[in-house]
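Here's a quick briefing on how two protein chains meet. Have a look at the structure, then read on.

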Protein chains: 2
Amino acid sequence: MPSSPSKNHAAPASAAPVTPAQFADRLLDACRRKGAPICVGIDPVYERLPEEIRHRGPANPALDAAGASTAIRRFCEGVIEAIAPYAPVVKIQSACFERYLWPGVEALNKLIGCAHAHGLLVILDAKRGDIGISAEHYAAGLLATTTFSDLSRQPLIGPDALTVSPYLGSDTLEPFVKVAAAAGKGLFALVRTSNPGSDELQNLRLADGRDVAQAIAEMLAIAGAPYLGAYGYSLLGAVVGATKPQDAARLRKAMPAQLFLVPGFGAQGGTADDVRACFNPDKQGALITASRSVLFAYEKTSGDWRPAVAAAAADFHRQIAGLLA
Amino acid sequence: MPSSPSKNHAAPASAAPVTPAQFADRLLDACRRKGAPICVGIDPVYERLPEEIRHRGPANPALDAAGASTAIRRFCEGVIEAIAPYAPVVKIQSACFERYLWPGVEALNKLIGCAHAHGLLVILDAKRGDIGISAEHYAAGLLATTTFSDLSRQPLIGPDALTVSPYLGSDTLEPFVKVAAAAGKGLFALVRTSNPGSDELQNLRLADGRDVAQAIAEMLAIAGAPYLGAYGYSLLGAVVGATKPQDAARLRKAMPAQLFLVPGFGAQGGTADDVRACFNPDKQGALITASRSVLFAYEKTSGDWRPAVAAAAADFHRQIAGLLA
């Protein structure tokens, strides 16, 4: 585990604006405090909510966007409370909320606030990517702290990090990086995803012997190099799925300064052995994510759903902490 | 111009559910009725709104998401009214609305309704892409018709088409295609974008001699083949930027049955000559898009902003109709 970088972040003598701590430093510190670099993915689906929650929600969520959004938010708040002792970070899937249009987006933003209130870092998994000024708009709305006093008395500080698509070129990442650097926030760019069809493009062999994922990795290593924190990691990280262990080792070498966000642990089939190669030799640099195996843990048990979610988070914590011991 | 496919869409004798017309057929018919295959891109920025609109809007849009969203919506409604005689299609940039959080998303959905009320087809430019069930959520929320009676008395029929990112593999497009096919809607997948850095990945040379854009194009041609309309075009189209004429001809050959959505005409530098290669030999199959050169046309004139926008749309129509004459 890293030594504290606090000597580089001494409080200023004057009242000058304090530069926020760098994202990777914040994330690694949070993981150290909780004892394992784990992240719980929050991908709620109305039809799978616990009976107790659905009983108070709409009978037909297809007719009631606000009611469905409220029920989903209530469930996710319970999940956050249950996992907070174990997980330093949650990853919220934007699509699960966007399907309920604007009430869903409102619920999503309130849920981010709830996670922060429980001391958790939040990664918004929205996989955005666009060109020029459109990327600026996404960065402003989805990553930056906003000051809309008609929506909230407090500034809405937004997520701590955002997932982005790098496939349109590194110029399209710049607006996101700029916002992230100013705000002490981070990014995770898609490199190697956990879906069955991801080989179709990501594994295509290039004329120079690399594959597409490798080319993206090298692009990210360059784009992220100016933004290292005290622990040596960039605010610009990479998504590398847990189901692709054969690629993780070489991608780790290509991106030594990138934090890896590693989805697909548990329900998608990734195991502790599979994710080992996502870490650097010093056992740092990866954030392992389990989603459905924790979120819906109560489906395999009887009784109250909250202890089942907490127990699954504790088990996940144990597995990853054990891997790194 | 195509002959009408109406013989394939005869009204059923019984009250059985009517299969909606296929998206490419609908789009080509709409272009024929208006006399040119053009699309106006709606990428509104609060700071560039006409003085008349800003005067009634918030002094500081960073403090008032609802006020800024309403002002933007009011402007876009005026634009839609001004361009409706010339353009069969509008492309709305989701990022411009998402930056105002949930009030922005509400304004976006109301604007889609306004465009439909003016008889326009709507492409939502949201560039979504995700895996498995997350893609299903995006398709449900961003493309499908929704029945949320708490939000609207009428079903919210949503956009007619959505832009999507194909880089995670064709399996991630399937949920979108499924929704589109059932609803008579369409998709435009990113192949060759108009930004300066797009060569970085899209032009990478593969070991088999193709480049990445070509590989994506061939993937789309296969994925879209089962979904052809009466005019021979698939509901799954492609985004091919107007600023890459050198690539348009070969991509056109690789994707003969894909409609091309061609952004970048006008302000981004694409000319009528540049977009010629996006059409098939029968002068069909491309939808040319101009955004800022129409939307902000009043910045180069004095007097009322609406006639300036209308005149720019008329000029755009003339250029593209002339190219195909």
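Chain A and chain B bury about 5,600 Å² between them, and 63% of that is on carbon and sulfur atoms. Buried area here is the accessible area (1.4 Å probe) that two parts lose on being put together, summed over both. This is a predicted model: local features need pLDDT of at least 70, side-chain atom pairs count only at pLDDT 80 or more, and totals for chains, interfaces and linings use all residues. Residues are numbered from 1 along each chain as its sequence is written, chains are lettered from A in the order in which they are written, and side-chain values use heavy atoms, leaving out hydrogens and water.

**Who takes part**
- Chain A puts 71 residues into the contact and chain B puts in 71 residues, where contact means heavy atoms within 4.5 Å.

**What links the chains**
- There are four salt bridges between chain B and chain A, each a side-chain nitrogen of Lys or Arg within 4 Å of a carboxyl oxygen of Asp or Glu.
- In a salt bridge, the side chains of B:Lys127 and A:Asp130 meet at 3.1 Å, N to O.

**Inside chain B**
- E3(B) and E4(B) run parallel, joined by three bridges; strands pair if DSSP finds at least two bridges between them.
- Opposite B:Val164 in E4(B) stands B:Arg128.

Definitions and conventions. Helix = DSSP H or I, 4+ residues; strand = E, 2+ residues; numbered from the N terminus.
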